[in-house]
Amino acid sequence: MIALTDEQLGDFQQCLDWQTGMRLSDGRVLGVPGKRGNINPGTDLRVQTVAERLRPANKRILEVGCCEGIHTVQLSALCGQVVALEVRPRNICCALARLFVHGVRNAELMLKDVRELDHSFGRFDIVFHVGVLYHLSNPVEHIFRIRDLADDMILDTHFCDDTTSFERSDITYQGKLYRSHVYRGEKGWRDAFSGLEPSSRWLHRDSLLELLDDAGFDSVEVIRQRIERNGPRICLLARRTGRRAEAISV
C-alpha cells in the first residue's frame with residue numbers, strides 16, 4: 001500500500017462513485033459499504049481456494065468480471081499476473097484507483113464484455129469466474145466458448161433447484177438440452193452488480209455440473225454451497241486433469 005494522508009484518502013473517496021469497500025493495511029477503508037452494507041473482511045474464500053489448491057505463484061490468472069477490483073488486489077498478491085476484465089468504465093476507474101492505492105503492479109485491467117470472450121483471447125493458468133455466469137442469457141454457450149482459456153477454473157454462480165419458482169427456459173446447445181430458468185431481476189447498465197441484459201438464465205444445479213463435464217472439466221469439486229437472498233449459490237473448482245483422455249487412450 002502507498003502512504004496516504006487522510007486528505008488524500010478522502011480525495012480518492014470523493015472523486016469516484018464507489019459501490020464496494022475494502023480495508024487498507026492500516027485499517028482505513030477505501031470505498032463504501034457494498035451490497036447489504038458489507039465491507040470486505042479479509043481474503044475471500046474463492047481467493048483462498050486459489051492459494052490453497054492451485055499453486056498460483058508465477059501463474060497467470062484471468063479474472064472474469066472484476067467489478068471494482070477487490071478480488072484483483074487479493075489475487076495479485078498470489079500470482080505472477082492478473083488480467084482482469086470488466087465491461088463498465090466506472091468500475092474500471094474504481095479498480096484502477098484501488099490497485100494504485102494497494103501498490104499493485106502485476107495486474108492489467110481490460111475493458112471487455114465477457115459475452116464476447118472465447119479461446120482467441122489466449123491461454124491462462126487459471127480462470128477466476130465469480131459472480132458473472134448467472135447474469136448471462138446463455139451461460140451454456142459462454143462456458144463452451146471459454147473452456148480452452150485455462151485448465152483450472154474457480155466458478156461461483158447462482159443456480160436453480162427443484163424448488164425454484166422462476167419460469168422454466170431450457171437451453172439447447174449442440175443438440176443437448178440444459179435445464180435453466182429465467183431470472184428477471186437484472187437492473188441494467190447503471191447498476192454495478194447487474195448484467196447488461198434485461199433478464200438472464202440460471203442453470204439447474206445438475207445441468208451446471210453436467211455442462212462443466214461436457215466442456216471437458218473432468219474434475220469438479222464443490223467448495224461451498226449456500227443460500228443467499230436471491231437464491232442458492234455454489235462455488236466450484238473445475239479442472240481439466242487429462243485423466244479422461246488417458247482413460248480413452250487406454
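Two strands count as paired if DSSP finds at least two bridges between them, and strands here are DSSP runs (E, at least two residues), numbered from the N terminus. The model is a predicted one, so to speak: local features need pLDDT of at least 70 and side-chain atom pairs count only at pLDDT 80 or more, while totals for chains, interfaces and linings use all residues. Residues are numbered from 1 along each chain as its sequence is written, and side-chain values use heavy atoms, with hydrogens and water left out.

Strand β13 is a handy place to start. Spanning residues 231-239, β13 has two antiparallel partners described here: β7 (residues 152-158), over seven bridges, and β12 (residues 219-228), over nine bridges. On the β12 side, Glu228 stands opposite Gly231 of β13, and a hairpin of two residues links β12 to β13. Strand β13 is also mostly covered, with eight of its nine residues buried (under 20% relative accessible area with a 1.4 Å probe, protein chains only; exposed is over 50%, partly exposed in between).

Now for the cysteines. The structure contains zero disulfides, a disulfide being a pair of cysteine sulfur atoms within 2.5 Å. For Cys66, the closest cysteine sulfur belongs to Cys67 and sits 7.3 Å away, which is too far for a bond. Cys160 is in no disulfide either, its nearest cysteine sulfur being that of Cys235, 18 Å away. Cys66 counts as buried because its relative accessibility is 4%, and Cys160 is buried with a relative accessible area of 0%.

Methods: Helices (H or I, at least four residues) and strands (E, at least two) are DSSP runs, numbered from the N terminus.
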